[in-house]
Amino acid sequence: IFIGDLTMTVKRKTQKVTVALERDLLDRAHEAGINMSATLAAALEAELKKHATLRWREANKDTVANHN
C-alpha cells in the first residue's frame, strides 16, 4: 500500500483452493478482467453476513416477537 511518502506491506493470510466453474463463466470472467480471488472473497463475505443475520433472527425471534 502506498500512502504519500509512506509505503506499507500488508501480509494477508491466504490459502489456495480449487473451485469448479462452468467453462463459459470462467472464460467471460477472464475476458472481462475480473479478479477471481477478490470476487469470490467479496461474495463469501456477503453470504456469511446474510447467514449470520438469519442465525441471529432465528435465535432472537421470541424476544423480537415479544417486543413488538
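## A tour from Arg23 outward

Start by selecting Arg23, which is exposed, with a relative accessible area of 57%. Here buried means under 20% relative accessible area, exposed over 50% and partly exposed in between, using a 1.4 Å probe and protein chains only. You are looking at a predicted model, where local features need pLDDT of at least 70 and side-chain atom pairs pLDDT 80 or more, while totals for chains, interfaces and linings use all residues. Residues are numbered from 1 along each chain as its sequence is written, and side-chain values use heavy atoms, without hydrogens or water.

**First stop: helix H1**

Asp27 is partly exposed, at 29% relative accessible area.

Now pick Asp24 and Arg28. Their side chains meet in another salt bridge, at 3.0 Å from N to O. They are about one helical turn from each other because they lie 4 residues apart in H1. Arg28 is partly exposed at 47%, and Asp24 is also partly exposed, at 47% relative accessibility.

**Next: helix H2**

Select Glu47 and Lys50. What joins their side chains? A salt bridge does, at 2.9 Å from N to O. Being 3 residues apart in helix H2, Glu47 and Lys50 are separated by about one helical turn. Glu47 counts as partly exposed at 45%, as does Lys50 at 49%. The salt bridges number 4 in total.

**Zoom out: the whole protein**

Switch to a cartoon view. The protein has 3 helices and 2 strands, arranged along the sequence as β-β-α-α-α. Helices (H or I, at least four residues) and strands (E, at least two) are DSSP runs numbered from the N terminus. Buried residues make up 3% of the 68 residues. The accessible surface is about 7,000 Å², with 56% belonging to carbon and sulfur atoms; such areas come from the Shrake-Rupley method with a 1.4 Å probe, and for residues only the protein chains shown count as cover.

**Then: the nonpolar patch**

Select Val17, Val19, Leu21, Leu25, Ile34, Met36, Leu40, Leu44 and Leu48, which make a nonpolar surface patch of about 770 Å². Patch residues have over 30% relative accessible area and no salt bridge, with nonpolar side chains (Val, Leu, Ile, Met, Phe, Trp, Tyr) joined within 5 Å and like charges within 9 Å. H2 gives the most to this patch, with 4 residues. Where is Val17 placed? Val17 is in the loop between strand E2 (6-7) and helix H1 (23-32), and it counts as exposed at 59% relative accessibility.

**Last stop: the largest pocket**

A pocket is an open set of points on a 1 Å grid over the protein atoms alone where a 1.4 Å probe fits, with protein on both sides within 12 Å along at least five of seven lines, and lining residues have an atom within 4 Å of a point. The volume of this pocket is about 620 Å³, the space filled by probe spheres set on the points, which are joined across faces, edges and corners. Colour helix H2 (residues 36-59) to see the largest share of the lining, 7 residues. The lining divides into 9 nonpolar, 5 polar and 3 charged residues. In that count Ala, Val, Leu, Ile, Met, Phe, Trp, Tyr, Cys and Pro are nonpolar, Asp, Glu, Lys and Arg charged, and the others, including Gly, polar.
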